[in-house]
Amino acid sequence: MIATSVFALKKGTPLGNADELETALRGIGATRYHNLHPFHKLLHGGKLNKGQVQAWALNRYYYQSSIPIKDAVVISRFRDRNVRLEWRHRIEDHDGDVGTEGGIERWLKLTEGLGLDSAYVESADGILPATRFAVDAYVHFVRDRTPLEAIASSLTELFAPNLHEERISGMLAHYDFVNPNIMSYFKRRLEQAPRDANFALDFVKRNAKAPEEREAVCNALIFKTNVLWVQLDALYHAYVDGHVPPGAFVPERD
């Protein structure tokens, strides 16, 4: 499992209340969120070629398409109808509804705009092994850990809007093969992510009542940052360093 079981911000110092928990969570985001990864610096700074951007979008699709599966598992963990009702819209946000476009369709607009065949993208045949392992581990985490930890693992959404803004502006500025229409996923998440993050943050602050529960919440967020980080490690190793594993997507040469 891609987990760090030791809470390391103030090792040996229990978190005494909800405000200390929030401070610790925001500290985790400031030091561990994947906006800090070198691959994102290259992506947003216009330093990648089209094939490398395709590889990122292709692999990220597996994560995006697994989010409603993960959220359905989260819902199954709760007897509380109010929590289920609140969480349900996350599935609709990604899957859409009859006649309504969702986040997965918006991501396919991105991959199509980058020149990838949608059937190939949806098959996940060309994704990196580490992408599959990391994303599947996230689904297993929300299934196997406590409901509190399942909710807490979504708290990376606290830090997502700034990353989306950086991605929109950077990619539009630097890549002539990117246009506003194919970036619609990120624009929509600028509205959705804060709403989702605020609910999850309030939930863990209210329900993590003991120091060990607050530590578990922090470790759940650390786990999720690791899930996101390791996917970029794999992309960097394969498509920047040039070690593409057998069976994975190989970009066409420019």
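**View 1. Arg-145 pairs up with Glu-149.** At 30% relative accessibility, Arg-145 counts as partly exposed, that is, between buried (under 20%) and exposed (over 50%), with a 1.4 Å probe and protein chains only. Its salt-bridge partner is Glu-149, with the closest N and O atoms 3.4 Å apart; a salt bridge here is a side-chain nitrogen of Lys or Arg within 4 Å of a carboxyl oxygen of Asp or Glu. Glu-149 is buried, at 8%. This is a predicted model, where local features need pLDDT of at least 70 and side-chain atom pairs count only at pLDDT 80 or more, while totals for chains, interfaces and linings use all residues. Residues are numbered from 1 along each chain as its sequence is written, and side-chain values use heavy atoms, with hydrogens and water left out.

View 2. Glu-22 is buried at 18% relative accessible area, whereas Arg-26 is partly exposed at 38%.

**View 3. Lys-109 reaches Glu-101.** Here the closest N and O atoms of the salt bridge are 3.0 Å apart. Lys-109 is partly exposed, with a relative accessible area of 29%, and Glu-101 is partly exposed, at 29%.

View 4. Leaving aside neighbours within four places in sequence, Gln-54 is in contact (heavy atoms within 4.5 Å) with Leu-114, Gly-115, Leu-116 and Phe-249.
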